[in-house]
Amino acid sequence: MGLHMNRYIKTALLAGAAWSALSTYAVAQDVPTQTEEAAAVGDVIVTARRRDEALKDVPISVSALGEERLEQTGASDITALQQQTPNATVQVARGSNSTLISFIRGVGQQDPLWGFEPGVGLYVDDVYVARPQGAVLDIYDVQRIEVLRGPQGSLYGRNTVGGAVKYVTNRLSQDAELTLRGAYGSYNQIDLMASGSVPLADNFRIGGAVASYMRDGYGENINTGAEHYNKEVLAGRLSAEWEPREEMSIRLSYDRVEDDSNPRHGSRLVAGATPAGAILSSVYDTNAGIGDDNSVMTQGASATVQIDMNEHWTFKSITAWREGETDTVIDFDNTPSPTLDIPGYYADDQLTQEFQFLFDYDRIQGVAGFFYLDGHAEGAFDTILGALGIVIGTNGEVNTESWAGFADINFDLTDRLHLGIGARYTLDNKEGTVFRANYLGATRSPLLGGAVRPPLLVRTDYTNDNDFSQFTPRIALSFDLTEDMTTYASYSQGFKSGGFDMRGDAILTPDTVNGYDPETVDSYEIGLKGALDRLTFAASIFYNEYQDQQVTTQVPAVGGIASFVDNVGSSTFYGAEFEGQLRILDNLSASFAVGYLHSDFDEFLRYNLGLGVYEDISDLVVLQNAPEWTGYLGFTWIGDVGGGELAVTPSVSYRGDSSMFEFPNPTLDQEAYTLVDLSIVWTDPSDRYTVGLYGKNLTDEEYRVGGYNFPGALFDNSIIGYYGPPQTVTAALKVNF
């Protein structure tokens with residue numbers, strides 16, 4: 001207790017000293033400066049509060065990576081955010097190629113099972129993406145990506161207890177244009193992309209983009225000869241923009257992603273009982289026997305209508321539909337034998353409707369609206385246990401209807417003092433169906449197309465429903481120290497709905513039929529952002545209280561695996577962030593981001609299978625995916641070379657020690673590591689040709705991004721890890737027509 005308090009006091013004192021120095025410097029300027037750097041900050045427009053605002057005016061911790069920055073650093077997909085955003089985990093899920101796992105400030109969710117919802121909201125052009133499958137979005141035809149840190153309960157509401165990620169695509173040009181991009185790199189990487197638009201009338205344009213991503217595997221399935229950690233993705237987007245009247249605009253869009261990359265089975269960290277279970281020489285190799293078939297498809301369509309009703313009021317309607325299908329296999333034991341094999345499928349669809357009323361008067365601005373979601377998610381998976389000669393088959397579905405009303409209003413109390421007040425009321429109705437049974441024979445169950453046979457033992461069979469509601473407020477007070485600098489203090493609450501555990505075993509954990517309750521995060525934050533001469537920056541200190549925390553726990557049990565989602569208790573964490581850009585010379589700048597996070601469980605209730613009671617084991621657990629320190633430092637030199645512009649960007653990112661699960665495991669957990677990248681980009685004087693050379697993980701660091709832990713003879717000590725990409729080099733050419 002004393003040590004933790006001392007750390008907190010030291011952090012507060014350091015942050016307070018920084019605030020004092022920066023604030024004093026700003027207030028001491030009698031005439032606010034308007035340097036080129038400050039103007040640049042003002043030009044960064046984000047939609048964190050559902051309306052266009054300058055980044056420095058938003059009393060929220062927001063990282064915004066624009067198209068130019070993404071190209072300079074060679075960001076290939078949305079997981080690149082992890083390196084450049086403080087206190088963020090954005091990774092490919094264990095055993096997957098395109099399922100997204102996101103944590104912000106230690107809050108998130110890594111369980112991708114249907115019915116269990118993420119803790120960080122993902123939005124594509126203001127359309128909420130409910131499921132993580134297929135959400136590792138490749139970066140093409142993108143205008144910017146925004147990362148909103150901290151709970152966004154009032155404006156974004158649904159499942160944004162950790163924060164939100166907004167993927168903003170490019171709008172169509174008024175003129176005909178075409179962009180072609182090709183890349184070739186390590187492991188026979190071949191990327192091809194084309195995007196463009198055509199105006200069919202002065203007020204009507206159509207356009208789209210298509211991208212193909214192919215790459216050989218970083219490793220091999222020694223048993224089957226198939227590639228492991230390969231990539232085979234085809235993605236496309238079509239859109240149309242129409243302004244039937246001067247005050248009205250309509251945008252229609254459709255997107256589809258097909259991922260036929262081979263499944264990722266991971267690699268053993270502990271040797272099994274037979275030679276087939278040996279630890280392999282490469283962490284990217286596997287000896288899996290379940291097969292190499294994997295298919296993921298996601299698609300969606302949306303219609304956004306905006307009407308300027310008068311000079312003060314704007315109406316906006318966002319109608320969207322999305323669906324996805326996944327067929328995959330994971331070999332947990334990494335051997336040809338079916339010791340612990342998991343085939344499965346997921347399917348989901350959702351319909352969302354959002355109405356927004358935006359207003360802007362002299363001293364009051366804001367948005368109010370209504371959100372509706374009708375979602376369905378289903379799936380099935382088998383747990384094949386060769387040592388017992390059985391398979392545990394599980395299937396189920398969850399239907400969700402969600403209604404929410406929200407408002408967020410900013411009052412200009414004076415020319416410099418601003419008050420922001422927001423609130424949201426959410427009502428969810430969920431119906432869950434779960435069936436789980438043992439079948440004789442270590443082959444697929446009838447639930448996944450296996451031989452038809454009666455259950456040996458029905459473990460779970462129920463349908464239940466429940467309502468979950470929550471009022472989530474937000475309040476922020478901000479003060480413009482100068483025209484270029486703002487400080488703020490805020491309180492916000494996030495809410496993630498309850499539900500039903502699709503893996504729940506009613507024999508081992510009878511309470512599973514009652515489901516689990518919602519979780520909430522209360523966040524207190526103070527921040528300072530703006531510009532000082534050549535420095536543009538954003539700094540924040542936060543303190544969070546995490547209540548009724550939802551945690552998935554899977555433990556070996558007699559006759560199989562016990563899995564349960566519980567509201568385990570509560571945790572408290574605090575931290576600080578500092579990010580920005582420093583213009584060192586006219587042609588040399590540095591980008592940086594530093595995050596500090598300290599977290600402790602106050603209570604962690606775990607069900608004791610033997611005693612049938614809940615026990616507080618908070619002294620044995622930690623927050624997962626919550627490294628104490630994260631950092632990024634990149635330099636960009638821009639000069640005239642060969643008549644064109646050359647940008648050279650070396651960078652280094654750091655991620656501290658982190659735990660894969662709540663229970664520390666020295667075999668599985670990842671120690672601190674550093675990644676070194678280098679990008680060289682040349683653009684010709686006409687801005688038509690761009691040539692890039694991108695080196696990633698140049699020191700060839702081996703680092704785990706996920707894992708599974710099933711020790712014991714029954715599972716042949718199936719402790720496996722999944723790894724980030726090795727050293728790669730890619731050359732790219734982009735041509736604008």
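Student: Why is Trp 313 called partly exposed?

Tutor: In this predicted model, Trp 313 has a relative accessible area of 27%. Buried means under 20% and exposed means over 50%, with partly exposed in between. The value of 27% falls between these cut-offs, so Trp 313 is called partly exposed.

Student: Where does Trp 313 lie, and which residues is Trp 313 in contact with, leaving aside its neighbours within four places in sequence?

Tutor: Trp 313 belongs to strand S20, residues 313-331. With those neighbours left aside, Trp 313 contacts Ile 307, Asp 308, Phe 357, Leu 358, Phe 359 and Tyr 361. These count as contacts because heavy atoms lie within 4.5 Å. As for Arg 424, 111 residues from Trp 313 along the chain, the C-alpha atoms of the two are separated by 21 Å.

Student: What makes up the chain in helices and strands?

Tutor: The chain has 38 strands and four helices.

Student: How many of the residues of the chain count as buried?

Tutor: Of the 737 residues, 59% count as buried. The cut-off applied is a relative accessible area under 20%. The chain exposes about 28500 Å², of which carbon and sulfur atoms supply 57%.

Student: What share of the contacts between residues at least 6 apart in sequence joins residues at least 24 apart?

Tutor: That share is 68% in this chain.

Student: What makes a group of residues a nonpolar core?

Tutor: Its members are buried residues of the nonpolar kinds, such as Val, Met and Phe, joined through side-chain atoms within 4.5 Å. The largest such core has 35 residues, of which Phe 332, Leu 340, Met 502, Tyr 708, Phe 710 and Tyr 722 touch the most other members. Strands that each supply at least two residues of this core include S22 (364-385), S34 (673-683) and S37 (718-723). The largest share, four residues, comes from S37. Apart from this core lies another, of 31 residues, with Val 90, Val 124, Val 142 and Met 193 among them.

Student: Which residues does Met 502 touch, not counting those up to four places away in sequence?

Tutor: Among them are Leu 113, Trp 114, Thr 394, Val 398 and Val 434.

Technical notes: Residues numbered from 1 in each chain as written. Predicted model: local features only at pLDDT ≥ 70, side-chain atom pairs only at ≥ 80, totals over all residues. Heavy atoms only, no water. Buried < 20%, exposed > 50% of the residue type's maximum accessible area, 1.4 Å probe, protein only. Areas by Shrake-Rupley, 256 points an atom, 1.4 Å probe, with all protein chains shown as cover.
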